[in-house]
Structures are given as C-alpha cells and as structure tokens.
Amino acid sequence: MRGSNTHATNKFEQWKEHLQNTYGKNTLLSKAWLKKEWKKLQKNNATNYNDSLEKTRQDLGDCTRCNLHAKRTNIVFGEGNPHAKLMFVGEGPGEQEDIQGRPFVGRAGQLLDKIIEAMGYKREEVYIGNVVKCRPPSNRQPEPDEVAKCEPFLFRQITCIKPEIIVALGATALKCLLHTEDIKISAVRGKFMEYRGVKLMPTYHPAYLLRNPPAKKEVWEDMKKVMAKLKDPGSPLVGQVDCASAQQDK
Ligand code: SF4
C-alpha cells in the first residue's frame, strides 16, 4: 500500500514538474487547482505522465504564441540524440535554418559540426537547439517576450534529454537563457555555470568565429573543459562562476 502511494506521489510530482517546465517555475498554480486537475487525470486514467521530445513537439504544434511566427518559413525544433550528454543551444534560427527547418545548418553550423567532430562526437550524438524556434527577422535578437513564450519548450527538451552539459553558443543565447543583459560573454566564457540543474558552459558563437578566426583557440579551450568534464563528471569545475558574480564582472 505504501509502495503504491509512493508511486502515485511520484507520478503527481512528474506531472507538477511538467507543468512548471511548461508554464515556468514561478507560475503560481494553486493547490486547489492542482488537486482538481489531478483528480480529472485520475478519473480519465491519464496519470502516467512521462514527457518526451515527441510530446513536446506535438504540444508546440504550428505555434503562434509569439510574433516570430509571422515571418518564419519553418519551426526549428532542434535535433539530435534524445539522450545526449551534451547539448548546444544557440539564440535562434538563421536564414538557412529557417528554410531547412533544422538548427545550425548554414556556414556557422558547418563550423559547429567541425567543433563537435574535433571533440570526438558525431553531430547526431549530441543535441542542438535554440532558445527561440522561429527566425527573428533580419537575425535580430529575440525580444524578452518572445523568449518567455518559447523557452518553456526548451525547458521541456532539457528535462527530456537530461544532458550533463549545455554549451551556450554566443552572448545572445547566454543572455536569453539567463534573462539578463548584464553579462559579458568574454568575461564568462570558459567558466561553468549552473542552469536548471545542468552545467552550462558559455562560449563564442560559431558565426563570431567566422568573423574572428583567432577566437577559435579560446572556444577550443572551452570545449576541452567540456570534454574533460564529460569524461570525468567528478572532476572539479575549472573556473566555475555563479551568475551574480559574472554579472558584476562586466
Ligand atoms: S518562437 Fe517559439 S513561441 Fe514564438 S512562434 Fe515560434 S515556436 Fe512559437
């Protein structure tokens, strides 16, 4: 009996986590509402809640939640190994990505492929996604309200994939992930942070490397730290910073 109660509690907690991922951790879900909805799910025998990338994609649908839907050609959901240890997150799709509906497939994407291969992985062994899933017009930065609408789906992807490390590609991706303008990529790159319980390594965007090839050396230094951490998860986090002190460093 006790076992079945624990089982029910686990399912309830999984469902609550899914709601938090979908609507944001700070959304106030009243106890009464949760109880009522949970009862409905129990009545419909639908409490076996296990989220998946497929469900997340289905729920995203032909999304019109933010203004970015208006000019997109394709939603770029993300792709790769659903159990990847390593996940790369950029700010949003560019022109080629929008046309093909796949992340990082333009010139910057080809460079990212080379970085991934140099790390000893194939592209399909990692997972690649973006903070927003539709191309911002003229590649402008995503607006905070666009990030707010889209990021619950990134949260769900992270929860499903459970990566050991997320690499944030570029200043804009990092600012969107951390919800701050007050951070400088040059100050924090190469230093592990925490993001939703996952180690986050900020580094330069491959598009920046195309414009500024000498910075490839720094990105490679950052990726060496990622590789070392993936090989030995117990090793100390070299140069770890917390977000607050990183922002003060600006
Ligand atoms: S960017 Fe995200 S939230 Fe906005 S329309 Fe596209 S999929 Fe929907």
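Two strands pair if DSSP finds at least two bridges between them. Strands themselves are DSSP runs (E, at least two residues), as helices are (H or I, at least four), and both are numbered from the N terminus. This is a predicted model, in which local features need pLDDT of at least 70, side-chain atom pairs count only at pLDDT 80 or more, and totals for chains, interfaces and linings use all residues. Residues are numbered from 1 along each chain as its sequence is written.

Start with strand β2, residues 86-90. It pairs with strand β3 (residues 127-130) in the parallel sense, over four bridges. There, M87 has Y127 of β3 as its bridge partner. β2 also runs parallel to strand β4 (residues 165-169), joined by four bridges. L86 has I165 of β4 as its bridge partner.

How enclosed is β2 by the rest of the structure? Largely, because five of its five residues are buried. A residue is buried if 20 or more other C-beta atoms lie within 10 Å of its own; 12 or fewer make it exposed, and anything in between partly exposed, with C-beta atoms placed from the backbone. Both faces of β2 are covered. L86, F88 and G90 are buried on one side, M87 and V89 on the other.

Now turn to the helices. Two packed helices are described by the angle between their axes and the distance between the axes. Helix α3 (residues 53-60) packs on α6 at about 170°, with the axes 9 Å apart. Axes are lines fitted to C-alpha atoms, for helices over the stretch in contact, and angles run from 0 to 180 degrees between N-to-C directions. The two helices are therefore roughly antiparallel, a label for angles over 145 degrees. From α3, L53, T56 and L60 meet F153, R156, Q157 and C160 of α6. Contact here requires C-beta atoms, placed from the backbone, within 7 Å. The residues of this contact are four nonpolar, two polar and one charged. Ala, Val, Leu, Ile, Met, Phe, Trp, Tyr, Cys and Pro count as nonpolar, Asp, Glu, Lys and Arg as charged, and the others, Gly among them, as polar.

Helix α6 (residues 144-161) also gives the largest share of the shell around the ligand, three residues. In total, 14 residues surround the ligand, each with its C-beta atom within 6 Å of it. The closest are C63, C66, H69, C134 and C150. By class, the shell holds eight nonpolar, two polar and four charged residues.

Finally, the whole protein. Its secondary structure comes to eleven helices and six strands. Of its 250 residues, 35% count as buried.

Notes: Angles under 35 degrees count as roughly parallel, over 145 as roughly antiparallel, 65 to 115 as roughly perpendicular and the rest as oblique. Two residues are in contact if their C-beta atoms, placed from the backbone, lie within 7 Å.
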